Amino acid sequence: MVMMVAPALAVSAEEVAVYGYNSDPIVFWDPRDAASDETIWMNNVYERLLHLNFETGDLEPELAMRYEVSDDGLVWTFYLRQDVQFHTGNAMDAAAVRDSILGTKNRGKGLAYIWDAVKSVDVIDGHTVTFRLEYPAPLGLSAASALGAFIYDPKYVDEAWYSAGNDSGTGPYAVKSHDGTERIELAKFTKYWRGWDGQHFDKVVFLKVADATTRRLMVESGQIDFTNQLPPQMIADLGRSSSVEIVKGPSFQNLIAFFNTKKPPLDDPLVRRALAYTIPYADVITSALGGFGQQSRGPVPYGMWGHSDRIKQYTFSMETARALLTAAGYPDGGFKLVLTYTAGDDIEELTAQLWKSALAQLNVELEIRGMPWESHWDYAKGTDPLKRQDIFMFYWWSSYPNPYGYLHYMFETEQEITWNLGYYSNPVYDSLINTANRLTGRNQDEAIDMFIEAQNILMEDVPGLAVFDMQYVRAKNADLTGYVDNPIYTNVVFWYDCHRK
Amino acid sequence: MLSYVVRRCLFALFVLVGVSILTFLLTRVAPSDPAARWVGPRATAEQITQARAELGLDKPLPVQYMLYVSSLLQGNWGISIRTHRPVALDLQQYLPPTVELIVFSMFFAVPLGVFLGVVSAARSGTPVDHGARLLALAGVGLPGFWLAMILQIVFFKWIGLFPLSGRVAITTSVERLTGFLLIDSAIARNLPALGDALWHLVLPAATLAAYPVGNLARMTRNTMLEVLGEDFIRVARAIGAPEARVYFKHALRNVLGTLLTSTTLIFVYSLVGSFVVESVFNWPGFGSYAALSIMVIDYPAIMGITTVVAVSYVVLNLINDLAMAVVDPRIRLS
């Protein structure tokens, strides 16, 4: 037990929860623009029409009590709660929902693209709103998205008002104060529609604590109730502390290694397939991830719909790799590849090092370059493909629970290089995933089949490879109860549901 | 003196213009895409293109620079690509915590370093001298992050005497007036918060003080040993001056000029160099802000940071030179 010798402070009767986060919790203030770490507090201040239960896969009511979908999947009707008030004092109604969603869509920032299928939004009555779509789309997933789907008071659209630290949500907590971008304090909204019966926190503080060792000491000493992203090596030690509980759960984050399909020798699919057999997957999971993850099976991660055992999975087989290289005209290897990753990421670095050791057995030299993210990405977007890296390694995750978010951004043909960093172009693949995306709202099973087929095309062509699907490991105060891990709402703790024993 | 000050200010303008051009060019040619950083992770190509136009990044570099200077002269330091806040607001936010930390640490580091150096010189060749020199060496040689973590483990985890991190306890709030918590809590007559802020300063200030203590101790010792061999010291001893007066009045006065310069340079360097200490102690200061801005090539913030540091160097060096002229009557400002 640590005794704090400090000047006596006034004892507060309020229950205050503290979330120690590894980065600035405040990036965007405007709910229409949110795309980053602000998710951890915005999901306690704002709400959306639906909530996606990861365990059951069900779309559950939130601000909408229920919804209906027409047979052709083009009309979605939401029936709203009638007792909801914004923190601004105005009542939430169908017009506010319409203006919220269209405001986000038309502004075009953040995750506005999740509403791309929406043609119009109509107010039927005070608490009924209808979305008409250009094509059948899984609008329920958009309505449940972690970001981009917040319902805010549309009478408040001034950026400066938001940046001054105000909010216009309906959630259980409202912004009370903030200090720069590193600390934000929320206080309970007394008129929250779910009420405050039972045990709840009165305030929640989100605090940036960049240093992992400091975060560890803070959670051990009870100064913070919850923290994210501690190094795997620290988790084992921390788990032995009686005051700390380790929470492991699936994530929708995976590690991707893109192959430069425009540069020899990786312009040859045989060479790319050979390389896929040279990654020591088991060692990577054990050594780099500390066991917190599993080998990927396609770019859609485990737990996301569209992930399937029907997708090909590569194994670590030097014999097979050697045979493929021989078929490609490299029986003795003899070439060099440059792999770039984001400097400072130990997991990526160790993965690359393990891969390098394996490739050396085939006389393939792997030069590993750690670069700051900005430089890393910029290098990959160079005008001359021959001067770019051979292998680009980074993480991908999506705040929008749809396999299209993985397959479209990373592998669909791009006119301007953004995220397709294998520079892959396959019209058959492009058509397949776009057809599947439009089918999702009408026939999800058929869409899944098409997404699986698309992923198997990728596993044959190997423009890139998902190496592993990460598990998120977090540490929390052992007395904190009510936390439910949900990878769709990454790093979000719904504090209204939590309390200390 | 006035003409000297005016000349130095004019010269400083040239320095600032040169620094701003060089920094602008370096941040703009470094590989990065500020527009992509601006819109957030997983941005689409369309969003990035839109942001590029919004930020004026599609204009020629000389035009961008002139627009920046024009805004700067109107008091607009631009918007940080990373924080999405006005850079002026960020500087206002992050500079006071670092200045407060540096001033607090130097308040103890300077007299301690000088005292160690004088004692070391006075007891030259003795175990006292060796011990003081070892301490000084440790001060300049030990990595700041290592020292910070050791202090946290010993004084927080094992002994439980000092807080782990931050400027005040997590649930303590002080109304922000100047940004200097000691001043703000004193103005608000919030004595518990004042005490809390002082207590939180101890470990990070001790870490930050290690290098100046070591540096000043070594410099004082070396300069004192030279001075102690001078004739006027022999005369002072011959006429019966107490040893304490010989060391702390007659000899030390001749070392002050060097100490002033060294202290000034350490102070300004610490504005940005404190980022390691700030990172470990979760101190939301200028050093951390600068480090993060540089890592993501947040060019408006980098320009603001560079301007602040350059102005600090210029102003503090000017004050240093004026102070040296006061301390050492042999110096003529010319």
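1. Before the first sheet, one term: two strands count as paired if DSSP finds at least two bridges between them. On that basis, β4, β5, β7 and β6 of chain A form an open sheet of four strands, in the order β4-β5-β7-β6, with antiparallel pairing. Keep in mind that this is a predicted model.

2. Which strands of this sheet stand at the edges? They are β4 (64-69) and β6 (118-125) of chain A; each has a single partner strand, so one side of each is left without a neighbour in the sheet. Neighbouring strands are turned by 20 degrees against each other on average, ignoring direction.

3. Now the β4 end of the sheet. β4(A) is joined to β5 (residues 75-80) of chain A by five bridges, and the two run antiparallel. If you want a pair to click on, Y67(A) stands opposite F78(A) in β5(A).

4. A helix also packs on this sheet: α2 (residues 94-107) of chain A touches β5, β6 and β7 (128-133) of chain A. The direction of α2(A) makes about 170 degrees with that of β6(A). N106(A) is found in this helix, α2 of chain A. Is N106(A) buried or exposed? It has 10 other C-beta atoms within 10 Å, and a residue counts as exposed at 12 or fewer, so N106(A) is exposed. From N106(A) to P138(A) is 32 residues in sequence and 19 Å in space, C-alpha to C-alpha.

5. Over to β17 (464-477) of chain A, which pairs with several strands. Here 13 of the 14 residues are buried, so β17(A) is largely enclosed by the rest of the structure. β12(A) pairs with β17(A) in the antiparallel sense over 12 bridges, and V247(A) has R474(A) of β17(A) as its bridge partner.

6. Two further partners of β17(A) are worth a look. Strand β13 (residues 293-295) of chain A is joined to β17(A) by three bridges, running antiparallel; there, Q294(A) stands opposite D469(A). Strand β11 (residues 226-227) of chain A runs antiparallel to β17(A) too, with two bridges, and F226(A) has K476(A) as its bridge partner.

7. β17(A) turns up again around helix α7 (residues 269-276) of chain A. What covers the buried residues of α7(A)? The cover includes β12 (244-259), α9 (318-327) and β17 (464-477) of chain A. Six of the eight residues of α7(A) are buried, so this helix is largely enclosed by the rest of the structure. The buried ones are V271(A), R272(A), R273(A), A274(A), L275(A) and A276(A); note the two arginines, R272(A) and R273(A), in that list.

8. Chain B is built from helices: its secondary structure comes to 15 helices and zero strands. Its C-alpha atoms fill a box of roughly 85 × 55 × 40 Å along the principal axes. Of its 334 residues, 38% count as buried. Taking the contacts in chain B with a separation of 6 or more, 69% are between residues 24 or more positions apart.

9. Two packed helices are described by the angle between their axes and the distance between the axes. For α5 (residues 87-122) and α9 (residues 191-227) of chain B, the axes come within 6 Å and cross at roughly 35 degrees. The crossing of α5(B) past α9(B) is right-handed. By residue type, the contact of α5(B) with α9(B) divides into 24 nonpolar, five polar and two charged.

10. How many residues does each chain bring to the contact between A and B? Chain A gives 45 and chain B gives 43. On the chain A side, the elements that give two or more residues are β1 (16-21), β10 (203-208), α5 (212-220) and α11 (373-380). The largest share, five residues, comes from α11(A). That side of chain A divides into 24 nonpolar, 14 polar and seven charged residues.

11. Finally, confidence. The mean pLDDT of chain A is 93, and 98% of its residues reach 70 or more. Where does the pLDDT of chain A fall below 50? That is the case over residues 1-11, a stretch that has 22 contacts in the model beyond near neighbours in sequence.

Conventions
Residues numbered from 1 in each chain as written. Chains lettered and ligands numbered in written order. Predicted model: local features only at pLDDT ≥ 70, side-chain atom pairs only at ≥ 80, totals over all residues. Contact = placed C-beta atoms within 7 Å. Nonpolar A, V, L, I, M, F, W, Y, C, P; charged D, E, K, R; others polar. Axes fitted to C-alpha atoms, helices over the stretch in contact; angles between N-to-C directions. Left-handed = near helix turned anticlockwise from the far one by under 90°. pLDDT = per-residue confidence, 0-100. Buried ≥ 20, exposed ≤ 12 C-beta atoms within 10 Å, placed from the backbone.
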